[in-house]
Amino acid sequence: MHGQGFFFQAFVYLAAAVVAVPIAKRLGLGSVLGYLIAGMVIGPFGLGLIGEEGEDVMHFAEFGVVMMLFLIGLELRPALLWRMRGPILGTGGLQVGVTTAILTAIGMLFGLPWQTSLAVGMTLALSSTAIVLQTLNEKNLMGTDAGQSSFAVLLFQDIAVIPMLALMPLLAVHSGQGTAADGYGSEAAKHATTWVEGLPPWEQTLVVLLAVAAIVLAGRYLLRPVFRVIASTRLRELFTAAALLLIIGIALLMTQVGLSPALGTFVAGVVLANSEYRHELESEIDPFKGLLLAVFFIAVGASVDFQLIQDRPQLILGIVGGLMLVKFTVLFVLGRAFKMGLDQNFLFAFALAQSGEFAFVLFSFASQNSVIPNDITAPLIAAVAVSMALTPVLMLINEKLIQPRSGTRESVEREPDEIHTTSAVIIAGFGRFGSIVGRFLRANGVRPTVLEYDSDRVELLRKLGLDVFYGDASRKELLEAAGAQDARLLVVAMENHSRVLALIETAQKHFPNLVILARAAGRPEAYELQDLGVDHVYRETLDTSLRTGMDALRLLGRRAHQTYRSARTFRVHDEESVRDLGKMRHDRKAYFSAARERIQSLEELLLTEVEGPVEERDAGWDTDTLRQEFGSGAG
Amino acid sequence: MNDAANRILVLFAHPALEKSRVNRVLIEGLADLRGVTLHDLYEAYPDFGIDVGREQRLLLDHDIIVFHHPMFWYSTPAILKEWQDLVLAHGWAYGSDGTALLGKRWLHAITTGAREVAYAAGGHNEYTVRELLRPLEQTARLCSMEFLPPFAVHGTLGMRPDEIRAHAADYRRLLVALRDGQLDLERARAVNRLNAELDSIIGRREA
């Protein structure tokens, strides 16, 4: 049934997703559960549309997790990470430590050597970043107490994988190669020998540390110049290619030194979080991540080994039950200790009670390093898959049955500002025009988020300490990454008019919350912006030209105040006429060429000025009538 | 002038409302008042570019004009002076043909930093607020308008929040009474400031 090639597989996966997810969402089950069920249905124990190769697909799709961690890293500037150190180290550290200790003790009770028990314990202590974050995001719960704490714990777990992986080789109980376990997320690594193979454990650990240091240094000093060069070509697909190349390159390096690619890319993400390319990278990688994660969830669903469950039901279900009970209890007690509200505590404990995708990696790594024998990892991996599949179900039960009874329901409206630091104003285009707007806002204590497409300019501005990000602002993803859903104003100050129009259409369609202030080169552009329904349109030369005219009048000997008032009146009239002519324009015969139209507008403009003098008489200061009434009294 | 529903225009002038404690609370209480138009001059004309036509239309549309402002150098903030200079034009507001404002009423809602004792003979400021407003009283007269004693809130510098709220309630009460024609004009004309004896001047129908 399977093996008909790539397109057939792609068809099966995509069809399963497209059919199952809308149904799951309609039933209120969430997309993750939808994908998992789709996987079970098409998997070897369901319709059998995908068979053994499902596992290969899962390893491939784990790359989605790699990308997700890269994106999480991008969101976490080192300073933000530092601010979250309390919950990360406190809650996260205790969760991993206590859970590992209890699970290790249970393993030893069952007669496993302490090394094996410890390896199993710490592996199972980790939860599933993919499932938890995806589910919390989808339910819009990331901003809650429970969401924040879950994120902190997951982050600690992601970091804890580094020492765990480094520790694994040291825990080897029996010499002799394990089965040829593949590296995490890399097909290639399956067949290639890694650089660290055969090295003594302490040297392996050293190589691992060196690799991480290399990523940090490269991210700091090498990547930004490289991205600048690529960005200066202004070929969007080249930037996409470079972003993917970066992630795949890190994945390969990490696999070579026997480390999880997810960690490598997470570190790279954090290093790049302060860079101007952050938003653009986010929006480039995000669709790939989403698609791969979907495939990953389907593959996890397909990999649930119903055969093994059927053969040894007590064992598997016992492991799943015990595992989730231990994790739930530890989480719940921690939540209490950190004074979480009851409903938040339930959410927190249910969300993180599974074991995660790291288990697949760590178990293969452990058996590769002869820490855990294969006959133990097989049922454990099955149990992990079941626990992952159960998570969305448990969260649904929590939401529908437990939350309504726990009473202290906390509103989910709290700002998720630990992760997102958004600004009220987004300025698109920071050239001659936008930079003045931006400087003025900053001078008044408003820090705008700036999007700019000229990489050289971005570099310069960042040196001056501005929050400038590289990217094409007319893309929905980039606007989203810049916080458009929370911002209030969008200042459109780009020079390229067609990109201005594209940006405004995107913003109006996806972010109707934004009030748009748009720059226009001249009248024709202003008309088009008005047609789009932009209320705040600024012709870039109007005010400067008027100031020049004012100075010219003053140099001719006119008084300053009257000149000023006259210019103000002129501006008001002029803007009114743009509004009116913009509307009238549509009544004209369609065959007017754009050039004709421009000449015609100018004619109309000049005519109105001749007919109606711009300068209004200020009746209050005008003494003509007073002189008429009272001035002749003496005579 | 005994109509039960006078339309009131509040011409509000405060150049730094963001720093104001008292005036902000005073105007907050007016937001929902039927028949009262609040016109924030510094917000409408940040560069003093007063739209004379619009201002004159507003005056014509209302029966009672309240100049609401803090006391600056024994007078109004600058924009209100500019407003008088431009809006109260000869041939419209005064002069032989200037009858547009005939019979309308003019009063000030005014705040002072110093206490009332400072606004009295022998005090720091020697004159009462009502006396200091003489040039404006005469402006009203020249425009054929009736000048009423001011609603004056003294001592804003050290004012407690509960006192501010009490003044805001008085202000609202006064404007409601003016709107509904329930102010005893006879008594009102005789007092130094309207809020000194609010109870005794509200509640009776005008004579």
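Eleven of the twelve residues of helix H2 of chain A are buried, so H2(A) is largely enclosed by the rest of the structure; a residue counts as buried if 20 or more other C-beta atoms, placed from the backbone, lie within 10 Å of its own, as exposed if 12 or fewer do, and as partly exposed in between. The structure is a predicted model, in which local features need pLDDT of at least 70 and side-chain atom pairs count only at pLDDT 80 or more, whereas totals for chains, interfaces and linings use all residues. Residues are numbered from 1 along each chain as its sequence is written, and chains are lettered from A and ligands numbered from 1 in the order in which they are written.

Among the buried residues of H2(A) are Ser31(A), Val32(A), Leu33(A), Gly34(A) and Tyr35(A), as well as Met40(A) and Ile42(A). Helices (H or I, at least four residues) and strands (E, at least two) are DSSP runs numbered from the N terminus. The expected span of a helix is 1.5 Å times one less than its number of residues, and for the twelve residues of H2(A) (residues 31-42) this gives 16 Å, which agrees with the 16 Å between its end C-alpha atoms.

Elsewhere in chain A, the axes of helix H11 (residues 223-232) and helix H12 (residues 236-256) come within 8 Å and cross at roughly 155°, where axes are lines fitted to C-alpha atoms, for helices over the stretch in contact, and angles run from 0 to 180 degrees between N-to-C directions. This crossing makes H11(A) roughly antiparallel to H12(A), given that angles over 145 degrees count as roughly antiparallel, under 35 as roughly parallel, 65 to 115 as roughly perpendicular and the rest as oblique. Phe227(A), Ile230(A) and Ala231(A) in H11(A) meet Leu238(A), Phe239(A) and Ala242(A) in H12(A), two residues being in contact if their C-beta atoms, placed from the backbone, lie within 7 Å.

Between the chains, the contact draws on eight residues of chain A and twelve residues of chain B. On the side of chain A that touches chain B, helix H28 (residues 624-631) gives the most, with three residues.

In chain B, Phe48(B) has a positive phi of about 65° although it is not a glycine, and its place is in the loop between helix H2 (41-44) and helix H3 (52-60). Ser144(B), likewise not a glycine, has a positive phi of about 60° and is found in the loop between helix H6 (134-142) and strand E5 (146-147).
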